[in-house]
Amino acid sequence: MKRLLIAGVVMAAAFAGSGPVMADPVDDTLEIDGTPIVTRAKAPEGHPFDEVYSGWLFREAETRDAERDSIENPGMIAVEDGEVLWNKVEGTAGKSCASCHGDAAESMKGIGASFPKWDADSKKPINVELQINKCRTEQMGAEALAFNKGGQQELTSYIKYQSLGMPVEIDLTQGDMQAWWEKGKDVYYTRMGQLNLACASCHEKAMGKFIRADHLSQGQVNGFPTYRLKSGLTSLHQRFRGCIRDTRAEQPKAFSDELMALETYVTWRGTGLSVETPSVRQ
Amino acid sequence: MTRRMKITLGAMAAVALSTAAFASEVSPDAVEFTDDGVTVSLTGVAGDPAAGAEAFKSRKLGNCLACHTSTDMSKELFHGDVGPSLDGVASRWEQPMLRAIVVNSKHVFTDETVMPGFYSLNVGQDVAKDFVGKTILTAQQVEDVVAYLGTLKE
């Protein structure tokens, strides 16, 4: 009864201000083409939340439905374009991705759930975008793709899509991954810009609340690249940069150490959630 | 005299005038916080509640509605709820405390407070170059917003 009373008060307050009528993640389940998607999971040890939630639970019914149906999901076009790139011969070695990796449905399964991972050559974490570039420059004799150019998002979407439904779990025991996790945690809690906001200000402290029309999620990254209804296909580092710009701070470069550390840490914060690439969001 | 020179001179004259008008303006670093809040007006010029209401809802200025609801603004879309409703806020706080909260709420609440300081240079890292050394609101806009908040009585 107490909970009902509290809910009543919250609803009354919400209606009084013609404001939000929804506060918590919705009670809904997701299945895509018969694959069950974990949208709520017990948080890993040391996590500030008890339970982690997919951003899908914070979106409106229409947006959720668009992701539920892969025919309706506009992000699937990127996955199809990515498949073409997977099979496209490029570079002096006369190879495509498929020349070495064959059927992505088999060889890439699990990749989207386990990156970023430790790269012993560069002594840094490597994500899917940078792994593609490493293959291109070292194996294919092709140029590295510039950030968000040349089909980078599409190929990344295609590769991550092969892990649809698999729970995210990155290996922090390899190399210096733990130190990069720590560095990423520092970035996450550092207040940025004239508005003096950290990632945590919105996605931890104010999770579930509304900032203007936006229902603040936990800022999970399990669905990237994501299809945003207002701006189309959006890569993770593009989203990081957009959020940081909105604090009125200078934007770090994509794939900079700062953002690679953040990707490592934030990916860990979504441990146990299914890969949802390409997710559909606001 | 070229057109550009005229514009430049005009702008310089305007700056000189506004500096003269706000000679008594308190700079962000000189704002004094007391137990009662910020008791001294930042400009000595009474705040205009109508201008304050505009700054309150403008996304380019205060954008206060991003985080707060206010029944008074019910015609505006998309009130946030990161912060408390501001209905009756003037019955809960005296004017000096409202001014202190708008200037830099971290002095009133805690360092953990999400709300930005609207007249503070104690800000986050790597401020974008267009905003370096600038406050979110001007001293007079703070006075205007405080005047508007003063109308929100129970």
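The legends below describe close-up views of a predicted model.

**View 1. Chain A as a whole.** Chain A contains twelve helices and eleven strands. Its radius of gyration is 19 Å, close to the 19 Å that the globule rule gives for 282 residues, so chain A is as compact as a globular protein of that length. Along the principal axes, the C-alpha atoms of chain A fill a box of roughly 70 × 40 × 35 Å. Of the 282 residues in chain A, 41% are buried. Among contacts in chain A with a separation of 6 or more, 71% join residues 24 or more positions apart.

**View 2. The two domains of chain A and their contact.** Domain 1 of chain A covers 15-73 + 166-281, and domain 2 covers 76-161. The centres of the two domains, taken over C-alpha atoms, are separated by 23 Å. Domain 1 of chain A gives 26 residues to the contact and domain 2 of chain A gives 24 residues. On the domain 1 side, the elements that give two or more residues are α9 (177-189), α11 (236-246) and α12 (257-269) of chain A. The largest share of that side, four residues, comes from α12(A). By class, the domain 1 side has 13 nonpolar, ten polar and three charged residues.

View 3. In soluble globular proteins, nonpolar side chains tend to be buried together. The largest nonpolar core in this model has 56 residues. B:Val102, B:Val103, B:Tyr119, B:Val142 and B:Val145 have the most contacts inside this core. The elements of chain A that give two or more residues to this core are α9, α10 (199-205), β7 (210-211), α11 and α12. From chain B, those elements are α2 (49-57), α4 (95-104) and α5 (139-149).

View 4. Leaving aside neighbours within four places in sequence, B:Val103 is in contact with B:Val31, B:Val38, B:Gly117, B:Phe118, B:Tyr119, B:Ser120 and B:Val142.

**View 5. A three-stranded sheet in chain A.** Three strands of chain A form an open sheet in the order β10-β9-β11, with mixed pairing. The edge strands, each pairing on one side only, are β10 (232-234) and β11 (280-281) of chain A. Strand β9 (residues 226-228) of chain A runs antiparallel to β10(A) and is joined to β10(A) by three bridges. A:Tyr227 has A:Leu233 in β10(A) as its bridge partner.

Note on methods:
Residues are numbered from 1 along each chain as its sequence is written. Chains are lettered from A and ligands numbered from 1 in the order in which they are written. This is a predicted model: local features need pLDDT of at least 70, side-chain atom pairs count only at pLDDT 80 or more; totals for chains, interfaces and linings use all residues. Domain bounds come from an automatic or database domain assignment. Two residues are in contact if their C-beta atoms, placed from the backbone, lie within 7 Å. Ala, Val, Leu, Ile, Met, Phe, Trp, Tyr, Cys and Pro count as nonpolar, Asp, Glu, Lys and Arg as charged, and the others, Gly among them, as polar. A nonpolar core is a set of buried Ala, Val, Leu, Ile, Met, Phe, Trp, Tyr and Cys residues joined through C-beta atoms within 7 Å. A residue is buried if 20 or more other C-beta atoms lie within 10 Å of its own, exposed if 12 or fewer, and partly exposed in between; C-beta atoms are placed from the backbone. The radius of gyration is taken over C-alpha atoms; the globule rule is 2.2 Å times the number of residues to the power 0.38. Two strands pair if DSSP finds at least two bridges between them.
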